[in-house]
Amino acid sequence: MTYTIQIINMLASMLLLIAFAMLSQRRILSLINLFAWQGLVLSLSTFVVAYSTDQHHLYYSAGLTLLLKVLVLPWLLHRLIRKLNVRWDVETLINIPTTMLVGIGLVIFAFNLAAPISQLSESITRGLIGIALASVLLSLLMMLTRRKAVPQVVGFLAMENGLFFAATSATHGMPLVVELGIALDVLVATFIFGIFFFQIRETFDSLDISNMEKLKDD
Amino acid sequence: MMTTDQRLGILFQLYQSLLVVLLAPLLTGWVNQCRAWLQNRTGPGLMQPYRTLRKLFHKDAVMAYNASPLFRVTPYILFGCMWLAAAIIPIIAVDLPFSPAADVIALVGVFALARVFIALAAMDIGTAFGTLGARREMLVSFLAEPALLMVFFTASLISHSTQLPRIVEALAHHQFVLYPSLAFAGLAFVIVLLAENARIPVDNPGTHLELTMIHEAMILEYSARHLALVEWASSLKLFAYIAIGIALFVPYGIAEVGNWGALPQAIIALLVKLTLAGAALALLEALLAKMRIFRAPEFLGTAFLLAVLGLLIHFLLGA
Amino acid sequence: MIDLQLMALLLTPLLGGLLLAVFGSRSWAAELNSLMSFCTFIAAVVLTMRVIDSGPQVAFNEQFFIDQFNVFLVALTAFVAFTTSLFSRPYMRIEQHHGKLSTQMLHLYYSMYQLFTLAMLTALTSNNMGIIWVAMEAATLTTVLLVSLYRTPASIEAAWKYFILCGVGIALALFGTILLYFAAERVLGEGGTALLWTHLNQVKGGLEPTVLKLAFVFLLVGYGTKIGLVPLHSWLPDAHAEGPTPVSAVLSGLLLNVALCAVMRSKVLVDGSLGTHFAGNLMMGFGLLSVVVAALFLSRQKDIKRMFAYSSIEHMGLVTFAFGMGGPVATFAAMLHMTVHSLTKSAIFFAVGHAVQKAGTQQMENIRGMMQVSPTVGWGLMLGTLAILGMPPFGIFASEFLIITTAMHDYPWTTPILLIALGIAFAAIFGKVQPIVFGETTAHRLPHQPALIPVFAHLLLVLILGLYMPPYLADWYRQAAALLGG
């Protein structure tokens with residue numbers, strides 16, 4: 001194994017670790033900071049892949065990630081929670097240790113699912129798909145277990161991070177046009193989330209999603 | 001007839017045993033000193049633990065009238081266990097005569113043995129504090145031990161052996177490889193180390209606050225030479241844990257098999273690593289806040305989780 | 001030439017979106033919206049002619065691909081988008097008159113409507129599996145603010161649910177796309193061509209089966225969320241019930257089809273790679289579950305738009321099931337069903353929209369006697385309901401008949417399940433619509449003349465398709481079915 005592969009593996013593990021840290025996090029501010037860190041790890045790993053495979057468009061991806069996920073989105077989220085004045089602790093639907101156990105279960109599931117694929121690939125990508133899938137599932141779990149709108153959105157964005165990691169590191173980057181499209185979608189989605197925060201708060205006087213359980217099939 | 005090699009081996013084994021037992025209080029002193037500096041205090045000086053030990057050895061022992069022999073022998077067992085553990089961990093060379101005994105599972109067993117005795121001794125007198133401390137100690141260790149085992153398993157998977165010298169050998173003397181799984185195990189190990197050595201955020205070695213203390217509550221009844229041995233054993237335990245940490249995660253610099261000439265270098269490397277580790281521990285303690293005792297299970301649960309993640313990542317990435 | 005025609009198709013809604021972003025609050029915005037939709041429809045017709053004449057085409061450096069399968073959806077999408085824009089003109093004015101919408105909201109609605117059309121047409125015509133994903137996500141993003149247009153608590157809740165669930169779903173689809181790329185780059189090499197469907201289709205036999213299997217599961221679950229397959233459907237009734245009716249009509253009639261088209265594109269690749277019926281079985285399972293669950297839920301609905309939303313789930317389940325069965329007849333039937341369902345369901349939503357405006361509520365127990373207030377709305381609703389329930393001579397009867405006979409032949413055990421589910425759906429919907437259409441009324445007159453031409457135009461088309469299938473159309477469907485490996 002060369003050093004670049006080792007570094008990418010290391011960064012992949014850090015990505016997973018941050019996903020877990022987010023799952024266990026109780027404060028919104030730390031959650032957003034963790035998200036920024038995850039973006040940084042993602043950007044670094046993209047950069048290393050770009051360097052090791054000598055693909056120039058990946059440098060753009062790395063730069064774009066750095067700009068979007070480390071600077072712009074966390075800044076937007078910080079601004080949003082300042083404006084909405086929501087810095088309270090995150091409430092979870094299930095207590096955190098249980099969530100973590102479920103998370104471990106998800107990681108095992110993801111690794112199991114990805115195992116045949118990692119055996120296939122002889123190169124740099126070995127196992128990265130599994131880690132990416134695990135991060136995606138963990139973020140999904142976070143969205144499911146959080147009651148407030150902002151953590152749900154951070155979960156959504158973290159999920160996008162996991163996917164982006166799969167796209168750049170596991171497959172050496174999708175075509176640039178696709179990556180640009182994805183980045184644009186994420187950005188627009190964040191704006192729409194922002195609009196939603198205000199709409200929700202205007203209507204419900206709170207960003208608590210549990211207010212929004214009126215629509216049900218009885 | 002013994003060969004020169006064997007003779008040298010025994011010599012160095014003895015040397016290491018003496019080294020650890022003498023160095024352990026110094027490490028504790030160093031950690032305390034760093035902590036003092038970080039808190040903008042002058043600090044008691046590096047030698048304070050030795051002075052405390054000397055003072056305690058000179059005092060007359062006082063025993064509760066209902067203390068059983070168990071209470072009496074516990075400090076010796078404790079000291080013996082910790083000394084044994086610290087002495088067999090490969091810290092300067094990988095093929096000392098006792099090193100085959102340094103199996104990671106056996107090490108966990110040695111620590112557990114010491115813990116059983118101190119917990120029994122704490123309950124022996126029958127005071128409320130002793131029992132409370134024993135109960136809390138058991139709660140913490142029952143969560144920390146599986147995490148520690150998981151950490152060891154991760155390392156064993158990489159080197160295909162549960163013998164600490166073989167693990168060190170595999171990590172230190174083969175081509176340098178970044179192991180993501182070991183990074184996870186390392187984080188888990190730090191948490192276990194904090195919990196098992198009664199450091200902040202799980203316990204605070206500096207106070208006797210009844211609501212929070214764990215370790216101190218158990219040894220309240222000890223005095224004089226017994227207390228000295230218990231304190232010394234605590235220092236040895238911290239030393240042993242840091243030594244295990246060094247052996248598992250930064251073994252570089254340790255002398256190779258049959259290469260006695262590298263020993264001076266290895267000892268210097270060890271001292272540097274211990275100094276750094278002690279400072280890092282102090283820094284960590286300065287940064288963290290003492291958590292409520294009821295949060296400790298969650299904290300240790302995190303350690304277990306990290307160790308399991310490390311294992312899983314090892315299986316997935318093969319590294 | 002094909003480049004130009006395609007450009008016309010895609011640039012018209014883009015231009016419309018931009019124009020309406022500027023002029024959306026003018027009094028003639030609704031007319032402009034219809035005009036742009038009409039131009040898009042014309043462009044679609046031209047493109048369709050072209051493809052019928054000269055077969056599948058690639059355009060713009062192979063980034064776009066039009067064959068018989070997607071061009072029929074393009075034509076359908078452009079047509080329903082056009083008729084919906086006609087319908088929405090008076091409908092939205094009445095809503096504004098009732099004080100439910102402000103001019104700014106209409107402004108948003110018009111420009112988003114055009115952009116939504118653009119997103120759907122891009123998703124349909126793109127050759128790049130990655131761009132298909134991007135366009136599907138864009139379709140969600142453009143409609144999510146439309147669902148919450150009324151700013152009522154319920155509509156915001158519905159929009160949030162829609163956004164989060166579809167966001168999650170679409171993220172899983174992206175993972176599937178990444179896996180697809182992962183498999184493809186080993187065969188096609190890195191770079192631009194590895195996600196192009198035409199290229200993938202050529203080498204599908206060489207794609208790694210294990211990866212494709214996993215990829216398809218993710219793609220099906222991901223796009224399946226958009227199709228509204230059970231158990232990923234829970235956003236769909238809410239979004240349909242709480243959004244403005246034109247939005248319900250295009251969501252139900254078009255977006256679900258577009259998502260299904262993406263799934264079918266993936267299925268072709270997976271079938272080629274695996275050589276088994278894995279993808280088909282999965283789709284049949286999801287489809288059957290959707291039909292049954294939706295049918296059971298239908299009878300419990302109180303809200304009329306919600307009920308028809310469940311009916312959409314049921315029909316999309318049926319289409320998914322038919323595509324899953326595969327074979328020329330089932331695929332043919334599935335495409336026919338997609339067409340007639342789109343037309344009928346949007347017609348129903350048009351009629352329901354006006355009925356709800358007249359009655360002032362969406363609760364079915366309070367909507368009564370439409371026949372008295374407005375025979376056209378009443379007849380539209382009645383005929384639409386009969387059509388959607390699969391009554392002969394409407395086209396849905398023909399397609400359902402084909403699906404069920406194929407099922408009887410290939411998978412006999414599914415037939416009773418399907419028939420019972422359809423029976424339950426019939427009883428549920430008909431029992432509820434009948435008193436709405438007939439009976440004593442409390443409804444009042446509307447300030448604007450409702451647009452009912454689209455309703456009857458759609459129903460007429462469905463009727464024609466049921467009675468007589470023009471040979472060129474049948475041919476066209478057959479070719480498309482062959483393309484899908486039927």
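What percentage of the 319 residues of chain B count as buried? I looked this up before anything else, keeping in mind that the model is predicted. The answer is 48%.

**Entry: chain B as a whole**

I then went through the secondary structure of chain B and found 11 helices and zero strands. Read from the N terminus, the elements go α-α-α-α-α-α-α-α-α-α-α. I checked the radius of gyration next: chain B has 19 Å, close to the 20 Å from the globule rule for 319 residues, so chain B is as compact as a globular protein of that length. Along the principal axes, the box that the C-alpha atoms of chain B fill is roughly 55 × 50 × 40 Å. I also looked at the contacts in chain B between residues at least 6 apart in sequence; 81% of these join residues at least 24 apart.

**Entry: which chains touch**

I went on to the pairs of chains. Two pairs touch, and the pair with the most contacts is chains A and C. Chains B and C share no contact, and their closest C-alpha atoms are 16 Å apart.

**Entry: chain A against chain C**

How many residues does each chain give to the contact between chains A and C? I noted 39 residues from chain A and 38 residues from chain C. On the side of chain A, the elements giving two or more residues are α4 (96–120), α5 (128–145), α6 (149–170) and α7 (176–204).

**Entry: chain A against chain B**

For this contact I noted 21 residues from chain A and 17 residues from chain B. On the side of chain A that touches chain B, at least two residues each come from α1 (3–24), α4 and α5 of chain A. By class I found 13 nonpolar, seven polar and one charged residues on that side. Both α4 and α5 of chain A had already come up on the side that touches chain C.

**Entry: cis peptide bonds in chain C**

I looked at two peptide bonds in chain C. The bond joining C:Val230 and C:Pro231 is cis, with omega about 10 degrees. I placed C:Pro231 in the loop between α8 (209–227) and α9 (235–242) of chain C. From C:Pro392 to C:Pro393 the peptide bond is also cis, and omega is near 10 degrees. C:Pro393 belongs to the loop between α15 (375–388) and α16 (395–410) of chain C.

Where is B:His160 found? I located it in the loop between α5 (128–159) and α6 (164–172) of chain B. B:His160 is not a glycine, yet its phi is positive, at about 60 degrees. Is B:His160 buried or exposed? I counted 9 other C-beta atoms within 10 Å of B:His160, so this residue is exposed, the cut-off for that being 12 or fewer.

C:Asn61 sits in the loop between β1 (57–59) and β2 (64–66) of chain C. With 10 other C-beta atoms within 10 Å, C:Asn61 is exposed.

Definitions and conventions
Residues are numbered from 1 along each chain as its sequence is written. Chains are lettered from A and ligands numbered from 1 in the order in which they are written. This is a predicted model: local features need pLDDT of at least 70, side-chain atom pairs count only at pLDDT 80 or more; totals for chains, interfaces and linings use all residues. Two residues are in contact if their C-beta atoms, placed from the backbone, lie within 7 Å. Helices (H or I, at least four residues) and strands (E, at least two) are DSSP runs, numbered from the N terminus. The radius of gyration is taken over C-alpha atoms; the globule rule is 2.2 Å times the number of residues to the power 0.38. A residue is buried if 20 or more other C-beta atoms lie within 10 Å of its own, exposed if 12 or fewer, and partly exposed in between; C-beta atoms are placed from the backbone. Ala, Val, Leu, Ile, Met, Phe, Trp, Tyr, Cys and Pro count as nonpolar, Asp, Glu, Lys and Arg as charged, and the others, Gly among them, as polar.
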